[in-house]
Amino acid sequence: MNSRTLWLLGAGLLCLAGAVFAAGPQGLAEPNQVGVNPNPVRLMRPPVAPLSAMALLGKEIFYDTSLSSSGTLSCASCHSPDHAYGPPNDGPVMLGGANLSRQGARAVPSLTYLDRHPNFSIGPDKGDDDNIIDLAQMAAIGQQAARTTKTAGGTGTSANIVPQGGLFWDGRADTLQDQALFPLLDPNEMDGGSAEIVAGKLRNAPYAGRFVELFGAGVMRNQRLLIAEAMFAVARYQVEEPSFHPYTSKYDYWLEGKARLSESELRGLQLFNDPDKANCAGCHTSAPTRDGLPPLFTDHQYEALGAPRNAALANNRDPNYFDLGVCGPHRTDIPEQTQYCGMFLTPTLRNSAARHAFFHNGVFSTLQQVMDFYNFRDTDPEKVFPRSADGTVLKYDDLPQKYHANVDVTDPPFDRHSGDKPAMTEQDEADIIAFLKTLTDGYKVEN
């Protein structure tokens, strides 16, 4: 069942006065079937098993605040299990460093659903092709290739030669093991200081004996190996612990025919998958895979959307500072590929309703603000961008002028122009938000 099928399904479930059509005797749904998916699927969730010794070690490290310079931050401080392993605060970024006074550079992404995340590459989707082409070669090909419009149910996602995969907003880490090390040493985050300091703390941790049990006594004498195994253990914890990928949202259960969506949620699903309206599924794929894996609500590709500059970030006090995503400043291996400047990873929308920081710079704090940005960025830019002293609307103000051409103006709803009718009404936006709330994990199915 692809995204287009789901769109048609959502449309078919709606009618005037809120009645839901299904296969009842007179064409109307039976009362106990209203809002139920008439074509349920079987979702293949990860198997649940006791954590391995390696994962149990990783769990201790994940919650160990002593590894930070402040003695108060652990991985779980910014990736809270009570907030879908995302940030627990209401601000655009988390605070770290020795005194918890330094801003993180970007909004904290969720650690959920990363077990199926592909490595960084520059597209298109290779499928079963094992031929290796390096990033520079693919980027050169991409400069000459025409960009295919991405629409819900279309094939543009797999055809475009753009960055995809990788972890962090810029894809600079390929594995959960690599990803875990960055915040540990970042002076704006856990601020571990140095590899020597971190290794010393690991040797003296209450769980130090587990390293010896798993890897032998020699691991304690090899600083590099000790840290690598510690980060591998954290990665195993994220892979094995079911709460990192539970697939327990209302939408998951609706796909399986075990939950009902309300009228508003069904309308939101239809709009989400409608290429002529919100077109969210063009990037945030909403259909299960052919082999029954639950949808991740991301195509793992990168987009330059031109989000407004966030004046609340300390780095942005410097008018010459710009976070360019794939081409810097945190990622440093492909800065010459300026056609990707301003591009950031498309995040999953699962548990998005539990967040208070959206986009890489946390410029928006509510889903309503996000919907307004998508709806008005091109038709009424004055509603989402600031104005200069002379009243000029500063569109794409967080991206240097020379990179404005990188911004997506082809994928709906960004294919509209100033003065055009917005893609969505106020009610449309409310319905889509209602649907997004069905993507929050922890839904209890009625017996």
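The model is predicted. It holds 17 salt bridges. By the distance rule for sulfur atoms, it has one disulfide.

**Salt bridge: Arg106 and Asp170**

- Side chains of opposite charge can pair when their charged atoms come close.
- Arg106 and Asp170 form a salt bridge, and their closest N and O atoms are 3.0 Å apart.
- Arg106 sits in the loop between strand 2 (102–103) and strand 3 (121–122), while Asp170 sits in the loop between strand 4 (163–164) and helix 6 (176–185), so the pair ties together parts that are 64 residues apart in sequence.
- Arg106 has a relative accessible area of 11%, so Arg106 counts as buried.
- Asp170 is buried too, at 0% relative accessibility.
- This pair belongs to a network of salt bridges that links Arg106, Asp170, Arg172 and Asp323.

**Salt bridge: Lys277 and Asp428**

- Lys277 and Asp428 meet through their side chains in a salt bridge, at 3.0 Å from N to O.
- Lys277 lies in the loop between helix 11 (263–272) and strand 5 (302–303), and Asp428 lies in helix 13 (residues 426–436), so the pair ties together parts that are 151 residues apart in sequence.
- Is Lys277 buried or partly exposed? Lys277 is partly exposed, at 22% relative accessibility.
- Asp428 is at 12%, so Asp428 counts as buried.

**Salt bridge: Lys395 and Asp378**

- A salt bridge joins the side chains of Lys395 and Asp378, with 3.0 Å from N to O.
- Lys395 is in the loop between helix 12 (367–376) and helix 13, and Asp378 is in the loop between helix 12 and helix 13.
- The two residues are 17 residues apart.
- Lys395 is partly exposed, with a relative accessible area of 28%.
- Asp378 is buried, and its relative accessible area is 6%.

**Around Arg377**

- Where is Arg377 found? Arg377 is in the loop between helix 12 and helix 13.
- Arg377 is buried, with a relative accessible area of 0%.
- A polar contact of 3.0 Å connects the side chain of Arg377 with that of Asp378.
- The side chain of Arg377 also reaches the backbone oxygen of Leu305, at 2.9 Å.
- Pro308 is 69 residues from Arg377 along the chain, and their C-alpha atoms are separated by 9.7 Å.

**The buried side of helix 7**

- Which residues of helix 7 (residues 195–203) are buried? Val198, Ala199 and Leu202 are buried there.
- Why do they lie on the same side of helix 7? They lie there because they cover an arc of only 100° around the axis.
- The cover over the buried residues of helix 7 includes helix 6, helix 8 (208–215) and helix 9 (223–240).

**The disulfide and other cysteines**

- The disulfide joins Cys327 to Cys341, with 1.9 Å from S to S.
- The link of Cys327 and Cys341 is right-handed, with 135° about the S-S bond.
- Cys327 is in the loop between strand 5 and strand 6 (344–345), and Cys341 is in the loop between strand 5 and strand 6.
- The two cysteines are 14 residues apart.
- Both Cys327 and Cys341 are buried.
- Cys75 is in no disulfide, and the nearest cysteine sulfur, that of Cys78, is 8.9 Å away.
- The rule for a disulfide asks for sulfur atoms within 2.5 Å.
- Cys75 is buried, at 16% relative accessibility.
- For Cys280, the closest cysteine sulfur is in Cys283, and the 9.2 Å between the sulfurs is too far for a bond.
- Cys280 is buried, with a relative accessible area of 16%.

Notes. Residues numbered from 1 in each chain as written. Predicted model: local features only at pLDDT ≥ 70, side-chain atom pairs only at ≥ 80, totals over all residues. Heavy atoms only, no water. Salt bridge = Lys/Arg side-chain N within 4 Å of Asp/Glu carboxyl O. Helix = DSSP H or I, 4+ residues; strand = E, 2+ residues; numbered from the N terminus. Buried < 20%, exposed > 50% of the residue type's maximum accessible area, 1.4 Å probe, protein only. Polar contact = N/O pair within 3.5 Å; in protein donor to acceptor, adjacent residues only side chain to side chain. Arc of directions from axis to C-beta. Contact = heavy atoms within 4.5 Å.
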